[in-house]
Amino acid sequence: VYVLGTIHVGTEEIANLPQGILDAFDSSNHLYAELSLADIQNQQNYLTPIMEEAVIVDEEGNPIPLTMLLDEAAADCLSQIIVSTVGADNPEAFTSMTCLPPWFWTSTLALSIYQSMGYNAEQGIDVLLYNRGFSAGKEILGLDAMETQLKILAFGTADEQLALLQELLHNIIDKKLDEFVASNVLSYADP
């Protein structure tokens with residue numbers, strides 16, 4: 001039995017695994033990953049209901065745009081990010097995107113920050129091992145269910161999720177990303 005911890009984002013340097021690890025991986029009969037290949041291939045079926053469940057709604061069940069729940073500076077920052085994504089001439093898409101759950105935006109923005117620092121999912125150890133296992137015809141089984149993993153993203157109350165998103169948006173505004181990146185990416189990269 002071989003156990004290897006992985007990370008979801010990496011660099012070429014991180015993705016260049018030692019030959020001993022690759023040999024052990026190649027000689028294994030089974031691959032148990034965080035999620036099964038079947039779950040990954042069907043992730044949209046799991047994601048949509050969890051996202052719908054996490055949308056913040058008023059007493060009548062209508063979605064509340066996050067821009068109405070964040071402070072002015074954070075709301076403006078999120079609005080600018082959304083406009084840069086969907087364009088200024090698409091008010092329906094803008095409104096829909098402002099109603100996505102706070103954890104969706106926190107995760108998406110964190111990934112964008114990682115990418116701006118040179119990290120990407122394609123060079124994450126888990127993706128590399130999934131691809132290597134798939135290419136070798138290994139069955140990729142999951143240690144966890146997709147639904148469980150997605151619920152981890154949606155942890156906490158709506159207020160706690162909003163607070164995390166607001167803090168991240170203020171870090172973007174203040175360009176205080178060094179501390180965020182150091183605590184969320186670089187600590188994983190250190191030997």
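Trainee: Which residue just after α5 takes a positive phi?

Mentor: This is a predicted model. In it, the phi angle is positive, at about 90°, just after helix α5 ends. The residue with that angle is G87.

Trainee: What distance does α5 reach from its first C-alpha to its last?

Mentor: Helix α5 has 15 residues. At 1.5 Å a residue, a span of 21 Å is expected, and the model comes close to that. The distance reached is 21 Å.

Trainee: Against which helices do the buried residues of α5 pack?

Mentor: The buried residues of α5 are A74, A75, C77, L78, S79, I81 and I82. Their packing partners are α6 (91-98), α7 (102-116) and α10.

Trainee: How are α5 and α10 oriented to each other, roughly parallel or roughly perpendicular?

Mentor: The axes of α5 (residues 72-86) and α10 (residues 158-174) come within 9 Å and cross at roughly 75°. Angles of 65 to 115 degrees count as roughly perpendicular. Therefore α5 is, relative to α10, roughly perpendicular.

Trainee: How many nonpolar residues does the contact of α5 with α10 have?

Mentor: From α5, the contact is made by A73, A74, C77, L78 and I81, and from α10 by Q166, L169, H170, I172 and I173. By class, no residue there is charged and two are polar. The number of nonpolar residues is eight.

Definitions and conventions
Residues are numbered from 1 along each chain as its sequence is written. This is a predicted model: local features need pLDDT of at least 70, side-chain atom pairs count only at pLDDT 80 or more; totals for chains, interfaces and linings use all residues. Side-chain values use heavy atoms; hydrogens and water are left out. Axes are lines fitted to C-alpha atoms, for helices over the stretch in contact, and angles run from 0 to 180 degrees between N-to-C directions. Helices (H or I, at least four residues) and strands (E, at least two) are DSSP runs, numbered from the N terminus. Angles under 35 degrees count as roughly parallel, over 145 as roughly antiparallel, 65 to 115 as roughly perpendicular and the rest as oblique. Contact means heavy atoms within 4.5 Å. Ala, Val, Leu, Ile, Met, Phe, Trp, Tyr, Cys and Pro count as nonpolar, Asp, Glu, Lys and Arg as charged, and the others, Gly among them, as polar. The expected span of a helix is 1.5 Å times one less than its number of residues. Buried means under 20% relative accessible area, exposed over 50%, partly exposed in between (1.4 Å probe, protein chains only).
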